[in-house]
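Trainee: I would like a close look at a single part of this model. Please describe that part and then how the rest is arranged around it.

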Amino acid sequence: MHTVLSSPGQTVTIGHDQPFCIIGERINPTGRKKFQLQLREGDLSAIEKDVVDQIAGGANVLDVNMGVPLTDEPALLSKAITLIQSITDVPICIDSSIIEALQAGLETYQGKALVNSVTGEDDRMELVLPLIKKHGAAIIALPNDETGIPATAAERMVITEKIVRAVEKHGIPLEDLVIDPLAMTVGADPEAVKITLETIYLIREKWGLNMTLGASNISFGLPYRHALNAAFLPAAMSHGLTSAVMDCRTPLIVESVRAADLLLGLDPWGSNWITRFRAMEAAKTAAASEKGV
Amino acid sequence: MTHDDIIKALFDETLVGNAPAVLELTKTGIADGMTPSTILFDALIPALEEVGARFERGDFFVPEMLVSGKAMSGALAFLRPLLAETGAETVGTYLMGTVKGDVHDIGKNLVNIMLEGAGFNVIDLGVQVAPEKFIAGILEHKPDIVGMSAFLTTTMPMFKVNIHEITKAGLRDQVIIMVGGAPVTQEYADVVGADGFAADASTAVRIAKDLIAKKRAAVSA
């Protein structure tokens, strides 16, 4: 099962037989005070650096969230997408919980976008899925509903089943459905990550669907988060996770993902790994000779 | 063990979150004639205050805060009926809920733990709390503070709706209203007409206490 995203100049394929798809999480104002203020004043310049840094770090897709309180989020999101598409061909994941913002984003975006996200709530699905169908986009869906975030993998499976049926009913191919099995911090519940891993495994077994999640969530409230994130992703990948909205500016985390690609047979003969190694060596040599001069 | 030793041990064991030891020491203290208020105000609450201070400094992390809070809750469950008998005054009553349309509760639960640790009587209405449920809660529990949590930019506007409904019901001047959640800012709290905002659980306790003290001072003045 392949989820194919595109921009005018690039195609990205997410799949269980593909190298892991890294979705850069950085273009998001939550918890970034300065960025929030800039966005409120219509200053989008910080985004350019986020784009460049994340692509240099290894992002395959860029998540774009413009959730700033007290602003016109649809207009802001639309502006941000136009700006990003003028800099790069890396496909975009349009991230908002506001329907109007998703709509504005989809209308602006050139290519096939990934949309983040819809929940398993009936009224949300009735609003979002027709938009996805109309624009031929792909959608991330979270298996939670009106009653809360399910504590067990079995309950998450029940809601995923409901989402699969709704997606089929709206005539959207299952290739374009990406389930977010819900990643919560292990700092607040020692079982949280185990439940996520179990859900990933079960969804892959039953439907073979692609999956993504907010990987950095798992380490919230804990020290040395990078190491936890770097340990989590390979474990999730071996259970069947095919992409993540994640920190791609920290080499440790990206390296562990690319190492897992190789170890899990998704980077045959290590060609990506070796290419990456050579690029790093070349950069080191270049830096050393510059110092020498 | 002298009473001072018990106080000291209770403080230390609460700080490291040793729930069985905290409960045992609490029972030992009561059996030995210590009052429930002494145990609560001289050992448990100062311990949780220390946890909060360390968390704010970045020396303590979320799981440590949780285990300390749980250790304290265990002792509190044992002390509560005894405290009720002696008629000891609580710090205040705090009615808490995640707003309608929102199911996120990790942050809210952390705040609850720290509030209980500070001696508040916390009533948690859970997630997806509609305005009418907040109002029914205010009428039933007569809280000093109503706390509302929202995790999404789409659900944050419920703060304003809730405050409007509480005002319409004629209850606005009876309660202090605090708001919080990942995307919430002080500015947003001001715009919706809340009395207080905090970015984390420990700060929430400090601000809750300050707001109650101010309100009580204003009433008595």
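**Chain B and its helix α2**

Mentor: The domain assignment divides chain B into domain 1 (3-86) and domain 2 (92-220); such bounds come from an automatic or database domain assignment. The model is predicted: local features need pLDDT of at least 70, side-chain atom pairs count only at pLDDT 80 or more, and totals for chains, interfaces and linings use all residues. Residues are numbered from 1 along each chain as its sequence is written, while chains are lettered from A and ligands numbered from 1 in the order in which they are written.

Take helix α2 of chain B, residues 19-31. Helices (H or I, at least four residues) and strands (E, at least two) are DSSP runs, numbered from the N terminus. The expected span of a helix is 1.5 Å times one less than its number of residues. For the 13 residues of α2(B) that gives 18 Å, and the end C-alpha atoms are 18 Å apart, so the two agree.

The buried residues of α2(B) are V22(B), L25(B), T26(B) and G29(B). A residue is buried if 20 or more other C-beta atoms lie within 10 Å of its own, exposed if 12 or fewer, and partly exposed in between, with C-beta atoms placed from the backbone. Viewed down the axis of α2(B), the buried residues fall within an arc of 105°, so they line one face of the helix; the arc is that of the directions from the helix axis to the C-beta atoms. Their cover includes α1 (3-15), α3 and α4 of chain B. On the face turned away from the buried side, α2(B) carries the exposed residues P20(B) and A31(B). Just after α2(B), G33(B) has a positive phi of about 95°.

Next, the two domains. The centres of domain 1 and domain 2 of chain B, taken over C-alpha atoms, are 25 Å apart. Their contact takes 13 residues from domain 1 of chain B and 11 residues from domain 2 of chain B; two residues are in contact if their C-beta atoms, placed from the backbone, lie within 7 Å. On the domain 1 side, α3 (36-57) and α4 (62-86) of chain B each supply at least two residues, and α3(B) gives the most, with 7 residues.

Helix α4(B) also takes part in the contact with chain A. There, 17 residues of chain B are in contact with 19 residues of chain A. The largest share of the chain B side, 3 residues, comes from α4(B).
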